[in-house]
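Please follow the account below with the sequence and the coordinates at hand.

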Amino acid sequence: MGAIHRPQPVKLFIGVLSSVAGILPEVECRLTAFLGHVDLRSEAFPFESTHYYDNEVGSPIRRNFLGFSDLIGPDQVAAIKVKTNELEAQLAEEFSQVQRPANLDPGYLEQSKIVLASTKNFYHRLYLSEGIYAEVTLHFEGGDWKALPWTFPDFRSGLYNVFFTELRNIYRDQLKSEAKTLKH
């Protein structure tokens, strides 16, 4: 029988899709109020792999990622997804130029994979809690991020790999620092 162990903490990030100019600082401010300090920000990536969100989010859409300094338990991502959905609803009331001014996608990174939270069930997603599911979107192998058959086209493209590798390096340093702290 295998021994039961607590999972290592993971590195939280939020993907932000928006067409609203200047909304990112407001989104970041509100996210940091309940998630803590941001320790890595991506550049703004054009979101051109699908037009699925155009009617709700507007066009042209850009995607940014925010990495958060506090490590979390992987089981916390469901509650975070619920909170980001609430934040999306608040933003929709305040920024009325589009139906959905920001699409907030929480996920987490660990050394071997990237996991995204979703409200949508499908064959490759596992139920977490509170109506939230999770999927492994990318895995780290041979020094790079690899897609899976269901990986979204924008993640599959490799466009975000540099950001996620940098986030992974920060995460690995944090784990090393924690291990040193526990030894002393």
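Through its buried residues, helix 1 packs against strand 1 (10-18), strand 2 (38-41), strand 4 (62-72), helix 3 and strand 5. The model examined here is a predicted one. The residues of helix 1 that are buried are Val27, Glu28, Arg30, Leu31 and Leu35. An α-helix has 3.6 residues a turn, so residues three or four places apart point the same way.

The length of this helix can be checked against its residue count. Helix 1 covers residues 24-35, twelve in number, and at 1.5 Å a residue it should span 16 Å; the C-alpha atoms at its ends lie 15 Å apart, which agrees. After helix 1 comes Gly36, which has a positive phi, near 90°.

Which residues have the most contacts inside the largest nonpolar core? They are Ile14, Val27, Leu31, Leu35, Phe68 and Leu104, in a core of 26 residues. Two or more residues of this core come from each of strand 1, helix 1, strand 4, helix 3, strand 5, strand 6 and strand 8 (132-141). Helix 3 contributes the most, with five residues. Val27, Leu31 and Leu35 are also among the buried residues of helix 1. In soluble globular proteins, nonpolar side chains tend to be buried together.

Apart from neighbours within four places in sequence, Ile14 is in contact with Leu31, Leu35, Asn64, Phe65, Leu66, Phe68, Ile80, Thr84, Leu104, Asp105 and Pro106. There is also a second, separate core of 23 residues, including Ile61, Ile114, Leu116 and Trp145.

The largest pocket has a volume of about 470 Å³. It is lined by 23 residues, of which Tyr53, Asp105, Lys120, Arg125 and Phe152 are the closest to its centre. Helix 3 (77-94), strand 5 (103-110), strand 6 (113-118) and helix 4 (153-156) are the elements that each give two or more residues to the lining of this pocket. Sorted by class, that lining comprises eight nonpolar, six polar and nine charged residues.

Notes: Residues are numbered from 1 along each chain as its sequence is written. This is a predicted model: local features need pLDDT of at least 70, side-chain atom pairs count only at pLDDT 80 or more; totals for chains, interfaces and linings use all residues. Side-chain values use heavy atoms; hydrogens and water are left out. On a 1 Å grid over the protein atoms alone, a cavity is a set of points where a 1.4 Å probe fits but cannot get out, and a pocket is an open set with protein on both sides within 12 Å along at least five of seven lines; lining residues have an atom within 4 Å of a point. Grid points are joined across faces, edges and corners, and a volume is the space filled by probe spheres set on the points. Helices (H or I, at least four residues) and strands (E, at least two) are DSSP runs, numbered from the N terminus. Ala, Val, Leu, Ile, Met, Phe, Trp, Tyr, Cys and Pro count as nonpolar, Asp, Glu, Lys and Arg as charged, and the others, Gly among them, as polar. The expected span of a helix is 1.5 Å times one less than its number of residues. Buried means under 20% relative accessible area, exposed over 50%, partly exposed in between (1.4 Å probe, protein chains only). Contact means heavy atoms within 4.5 Å. A nonpolar core is a set of buried Ala, Val, Leu, Ile, Met, Phe, Trp, Tyr and Cys residues joined through side-chain atoms within 4.5 Å.
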